[in-house]
Amino acid sequence: MTTAVPAAAPALGRRSRVVLLAAVAACAACGLVYELALLTLSTSLTGGGITETSLIVAGFVAALGVGALAAKPLLHRAGPSFVAVEVVLGLVGGVSAAALYVAFTFLGSSTWVLVLATAAIGVLVGAEVPLLMTLLQTGRAGDAADTGKVLANLNAADYAGALIGGLAWPFLLLPWAGLIRGTALTGMVNLVAAAVAALFLLRGHLRPVIRAAAMLALLLAAALLGGLLVRASDIETTSRQRLYPDPVVYAQRSQYQEIVVTERAGDVRLYLDGDLQFSSRDEHRYTEALVYPVLARDPERVLILGGGDGLAAREVLRHGGVREIVQVELDPAVLDLANTRLRGLNEGALADERVTVVVDDAFRWLREAAGGRFDAVIVDLPDPDTPTLGRLYSTEFYGLATTALAPRGLMVVQSGSPYSTPDAFWRTVATVESAGLGATPYHVYVPSFGDWGYVLAQAGSPPQLALAPDAAPRKFLDEQTLATAAVFPLDRQRRALEPSTLDRPRIVDDMRRGFER
């Protein structure tokens, strides 16, 4: 008995073609999930700037074309080639998040690693369509119109699958399974597609020995991904711990960011996407410098944008004249953390009856909410090292914030380090002024951060730095310290810079340049 493939492989029946188109949709969904996972990794590991995002998106599209060309020599053996591509893609894509996460802990935020992963996955995904088109056409007699119909069906299935993948990643896989398990599960889908093709759809296209080899490869790949699913938490925990100097006591990936809390010898530290937000040993310096100057005029209504850890609200509540605080925070997971693990630090501030917590994007809330006017506005947002955060340091954002200020209201903005990132600091000052506000920059020393800066602003002329006569007792900030905070050394004098806008988010580039002598 011969095992040779027939000279002309049989055409797929109608039912088989339908199932194969379903496999096309599944494979397209997997391909898009891998790309979205790479973009998510870019945000988490490298800050996800325009450069990295463009490299991944453009690189993936270019790799699709390379993969399509690379598939041309394989078209005469489309059946076994498709199965092989799906096995390799399932394995490479399934382990990509884990491999890149581990690589990041050893190599740092290296963009070229993400680019190489993008190219490898893109080439494999790009090879799928020519192979599938060949399989759908094999053994069929038809004219150009018939070929067009086959291509239309293939494209429809491909695009429908991409839609499924695009929805599954942010709403299902990432929140419920996480990066590592989410991509591993997606790899399993690729392997299932290969198994269905090898065992049922393409039996007439595969020699028995090739079919057996394919099943062995599928089993080995499935075993590897299964092991990854089981050990995902251990891999992530071990890799994450290498990134932080102190033991990680809490970690969660929310819809918006990776949240990590470390603790050693009573020092609790919060990190968002790897950036330190505070250390409990000296956060009082940062928080007092942020809050007390803006309370100098005894405000009754206070708006806090960001500050989801509740530390700013804690200090505001200590001021006797405050009757209402509106706290706007984007990430519910940060608020949950503030009300649980961080509750001792913020003294349960967010649960106080005077505090109204709003879960929303600060930009959107300012634009849409009718929250009235506030006597003080505190802008306590993460550093603008991504385009998403850069929009919150724009002329447009501060213009919206101005509309929330009462006539004699004060606004304060945390503004980064005038020493480590001087362009970003002075850019913030210029941007606040471009919104029609008078700005007074000042800075204090916070051991965990180094030299740290703020901008106090009001309508009209720059405000004077002062403390309210009945200001609550403080650990760090007094009148003399505040007076000296407005003085900048010769090597960090004001820089004349253009403001940052939505159209030109210059401050993001400032942050990426970082330290300048």
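Arg 318 and Glu 315 form a salt bridge in this predicted model, with their closest N and O atoms 2.7 Å apart. Side chains of opposite charge can pair when their charged atoms come close. The structure holds 16 salt bridges, and a few of them are worth a look here.

**Around Glu 315**
- Glu 315 also pairs with Arg 314, where the closest N and O atoms are 2.9 Å apart.
- Glu 315 counts as buried because its relative accessibility is 1%, under the 20% cut-off.
- Arg 314 is buried as well, at a relative accessible area of 6%.
- Arg 318 is partly exposed, with a relative accessible area of 35%.

**A bridge between two loops**
- Arg 391 and Asp 361 meet through their side chains in a salt bridge of 3.1 Å, N to O.
- Arg 391 sits in the loop between helix H12 (387-390) and helix H13 (395-403), while Asp 361 sits in the loop between strand E7 (355-359) and helix H11 (362-368), so the pair ties together parts that are 30 residues apart in sequence.
- Arg 391 is partly exposed at 26% relative accessible area, whereas Asp 361 counts as buried at 9%.

- Leu 163, Leu 167 and Phe 171 make a nonpolar surface patch of about 340 Å².
- Leu 167 belongs to helix H5, which covers residues 144-201, and is partly exposed with a relative accessible area of 46%.

Terms used. Residues numbered from 1 in each chain as written. Predicted model: local features only at pLDDT ≥ 70, side-chain atom pairs only at ≥ 80, totals over all residues. Heavy atoms only, no water. Patch = residues over 30% accessible without salt bridge, like charges linked within 9 Å, V, L, I, M, F, W, Y side chains within 5 Å. Areas by Shrake-Rupley, 256 points an atom, 1.4 Å probe, with all protein chains shown as cover. Salt bridge = Lys/Arg side-chain N within 4 Å of Asp/Glu carboxyl O. Helix = DSSP H or I, 4+ residues; strand = E, 2+ residues; numbered from the N terminus. Buried < 20%, exposed > 50% of the residue type's maximum accessible area, 1.4 Å probe, protein only.
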